Amino acid sequence: MAIIGKADLHAHTTASDGMYPPAEVVRRAKLAGLSAIAITDHDTIAGVQEAIAEGQRAGMTVVPGVEISTVTGSADIHVLAYYPDNADPLWLERLAWIGSARDRRNEAILHKLQELGIGIAMEDVREAAAGKKGSIGRPHIAGALIRKGVVPDMKEAFARYLGSGAAAYVQVQSVTTTEALQWIREAGGVSVIAHPGLYGRDELLEQWVREGAQGIEAYHSDHSAEDADRYRAFAASHELIITGGSDFHGEREGESYHGLLGSSGVELFVVEQLRRMAVSLSSSS
Ligand SMILES: [Zn+2]
Ligand SMILES: [Zn+2]
């Protein structure tokens, strides 16, 4: 594999809350001039196989990944896993458990909305997510709120009801960051702390590194240039892999959510770093 080119290591598909099916994301990544794309849906690998098959057709490197929703104390922390062994039954069982935590949370949010006098049924949320397979989450609940005329747009839905600290916010009762790092390691994957600039909890980074985090997403659509500099420096001093990605979801309600494909990313050699790290992990376990 030539190691010259650009890689976007963070993208969502219809397998979670993205707008486009996995194969379409791969085609769009190619059109955007990328050499590699990682498929990192929330708590599911359901889109990975289709993406890899399309990558083989299109001559595009597709990195298998997943973005796991974890908690550290009261903070929602996303952890990316690259090249896990997706044939490992224990890993698949753990992912399924995390995925169902999302369903439990959705129900709790709808219950809170009910208490606020807003009647949204799971049926409405599924309708708002029409045609999507995989995990249903807050963006789909926001979609239902928009369709019911409760809020004008996605932004308002999160500000008033669904965002952290908002009226119907419910934390995911799911895996801790500590456990997730261990599970990823046991599945032979490489763990990367996703978009640390969004948490405002840099004091936790040292702990996660001690617990096994092997990389840090320094480049992200919602990171400032200062964020990227700070996390690059942190990675260098802790011998972590420096990753980056757009967190592409597509456009919703005419608004691009996070970034466009390739708007954030890294050089292609990082894909090699991840792959080699994953291979050395699985051969040592
Ligand atoms: Zn995330
Ligand atoms: Zn993401």
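Which residues coordinate the zinc ion (ligand 1)? In this predicted model, the zinc ion (ligand 1) is held by E67 (OE), H78 (ND1) and H195 (NE2), at 2.1 Å. Donors here are N, O and S atoms within 2.8 Å of the metal (3.2 Å for Na, K and Ca), and because water is not among the atoms, sites may look incomplete. Along the chain, these donors follow the spacing E-x10-H-x116-H. Helices (H or I, at least four residues) and strands (E, at least two) are DSSP runs, numbered from the N terminus. Both E67 and H195 are buried, where buried means under 20% relative accessible area, exposed over 50%, and partly exposed in between (1.4 Å probe, protein chains only).

Residues are numbered from 1 along each chain as its sequence is written, while chains are lettered from A and ligands numbered from 1 in the order in which they are written. Local features need pLDDT of at least 70, side-chain atom pairs count only at pLDDT 80 or more, and totals for chains, interfaces and linings use all residues; side-chain values use heavy atoms, with hydrogens and water left out.

With D247 in the loop between β7 (241-245) and β8 (251-252) and E67 in strand β3 (residues 61-72), the pair ties together parts that are 180 residues apart in sequence. D247, like E67, is buried. The protein donors of the zinc ion (ligand 2) are H10 (NE2), H12 (NE2), E67 (OE) and D247 (OD), at 2.0 to 2.1 Å, and their spacing in sequence reads H-x1-H-x54-E-x179-D. The arrangement is irregular because the four donor atoms subtend angles of 81 to 172 degrees around this zinc ion. Four donors count as tetrahedral if all angles lie between 85 and 135 degrees; four count as square planar and six as octahedral if opposite donors are over 155 degrees apart and all others between 65 and 115; anything else is irregular.

Turning to the sheet, eight strands form an open sheet in the order β7-β6-β5-β4-β3-β2-β1-β10, with mixed pairing. Two strands pair if DSSP finds at least two bridges between them. At the edges stand β7 and β10 (266-267), each with a single partner strand, so one side of each has no neighbour in the sheet. Strand β4 (residues 75-82) runs antiparallel to β5, and four bridges join the two. Across this pairing, Y82 has V190 of β5 as its bridge partner, and L80 stands opposite V192. On its β6 side, β5 pairs in the parallel sense over two bridges, with V192 opposite G215 in β6. Both faces of β5 are covered: V190 and V192 on one side, and S191 and I193 on the other, are all buried.

The domain assignment, which is automatic or taken from a database, gives domain 1 (6-96 + 172-284) and domain 2 (109-162). Their centres, taken over C-alpha atoms, are separated by 26 Å. Elsewhere, E127 is found in helix α4 (residues 122-128) and counts as partly exposed at 43% relative accessibility.
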